[in-house]
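Hello,

Here is the structure I promised to pass on to you. Have a look at it first, and then read on for what turned up in it.

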Amino acid sequence: MDFNFKSESTWKELPFEDFQWFLQEVKKKFNFDLTGYKPQRVKRRIEILIRKWGKSSYKEYLDLIVKNGKAQKEFLDRLTINVTEFFRNPEKWKELKTKYLPELLKESGSRFKAWSAGCSSGEEPYSLAILLEELRAPTTAKVIGTDIDVNVLEKARIGAYEERTLVNVSPNIKEKYFDYRDGLYYVKPNVKARVIFKRHNLLQDPFDKNYDLILCRNVVIYFEMKTKEELYRKFAESLKSGGIIFVGSTERIFNYRQIGLEVVAPFFYRKVK
Ligand SMILES: C[S@@+](CC[C@H](N)C(=O)[O-])C[C@H]1O[C@@H](n2cnc3c(N)ncnc32)[C@H](O)[C@@H]1O
């Protein structure tokens, strides 16, 4: 979902220095660091909002998002695009289930630990938890779901979903792992019990270690190349040797060799033993 600027020929871009000043203020006031994100993209998105609210400068817009909760929520939402679904790119999840998960579970057993980084409203970590159930993994095998956005995490903890996010879920899996009530699908307690949600900013907060599996999908598209490389280096350090990182279907880790990974298949990398 990108915005079309062509029709708005009268709109003049605001000065880059003002944008940089705004980013510093946002970091101080909301603890939200946007400096690693692609600047042109972020600037464009913010200026659409500035215009929408009838403001003419970054200063005026900052005052607005400080005082007006609705504008503040909208600002944070727009910059952290949360689109997701269960088993996004289903053929890759099938590969994960049949090829890599059994191997990782065999290696780590009850100590198995996975991280869904940038998990949005929870569909991704719950998809993994469903596979753990399907593979009869020990109940101590856990998934940590993290995101920068507290609003999506709240939704994730509730675990109630509309039909449209379940397009890749077969009727059999729906029946086994969801309770349908009042138009929503509720994730069953056994699946929920496997997932722990936490707020975590990938660009600021420390990384935990010893993961068997890390999923970071459709998150880094907003980051600059240097930020991405640094992030993948940190993910590699957080994996156990032999552990796997699963990325989005438009993503690639270019520096995989330097950071001690090998390619297992498209979108799957393994930490070299
Ligand atoms: C498009 S969603 C991806 C959801 C899921 N991984 C998937 O592929 O379906 C991107 C998520 O990344 C999160 N995100 C963006 N920047 C982040 C950061 N610096 N740290 C943690 N999460 C971030 C957003 O809040 C959003 O929920």
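A word on terms before we start: a residue counts as buried if 20 or more other C-beta atoms lie within 10 Å of its own, and as exposed if 12 or fewer do. Please keep in mind that this is a predicted model.

Let's begin with helix H7, which runs over residues 150-158. Which of its residues are buried? They are Val152, Leu153 and Ala156. These residues sit on the same side of H7, because they cover an arc of only 100° around the axis. Val150 and Glu154, on the other side of the helix, are exposed. If you look at what covers the buried residues of H7, you will find strand S2 (142-147) and strand S6 (195-199) included.

In soluble globular proteins, nonpolar side chains tend to be buried together. Here the largest nonpolar core has 54 residues, and those that touch the most other members are Ala129, Leu213, Ile214, Cys216, Phe235, Ile245 and Phe246. Helix H6 (residues 123-134) supplies the largest share of this core, with six residues. Another core lies apart from it; this one has 11 residues, among them Phe22, Leu23, Leu34 and Phe75. Coming back to Phe235, its contacts beyond the neighbours within four places in sequence are Ile214, Cys216 and Ile245.

How is the protein divided? There are two parts, domain 1 (16-79) and domain 2 (90-271). Their C-alpha centres are 30 Å apart. Where they meet, seven residues of domain 1 are in contact with nine residues of domain 2. On the domain 1 side, the touching residues comprise two nonpolar, one polar and four charged.

Leaving aside neighbours within four places in sequence, asparagine 210 is in contact with Lys113 and Lys240. Arginine 252 is 42 residues from asparagine 210 in sequence, and the two are 22 Å apart in space, C-alpha to C-alpha.

The other one, threonine 139, lies in the loop between H6 and S2. With 12 other C-beta atoms within 10 Å, threonine 139 is exposed too. From threonine 139 to phenylalanine 86 is 53 residues in sequence and 21 Å in space, C-alpha to C-alpha.

Happy exploring, and do write back with any questions.

Best wishes

Conventions:
Residues numbered from 1 in each chain as written. Predicted model: local features only at pLDDT ≥ 70, side-chain atom pairs only at ≥ 80, totals over all residues. Core = buried A, V, L, I, M, F, W, Y, C linked by C-beta atoms within 7 Å. Helix = DSSP H or I, 4+ residues; strand = E, 2+ residues; numbered from the N terminus. Contact = placed C-beta atoms within 7 Å. Domains from an automatic or database assignment. Nonpolar A, V, L, I, M, F, W, Y, C, P; charged D, E, K, R; others polar. Arc of directions from axis to C-beta.
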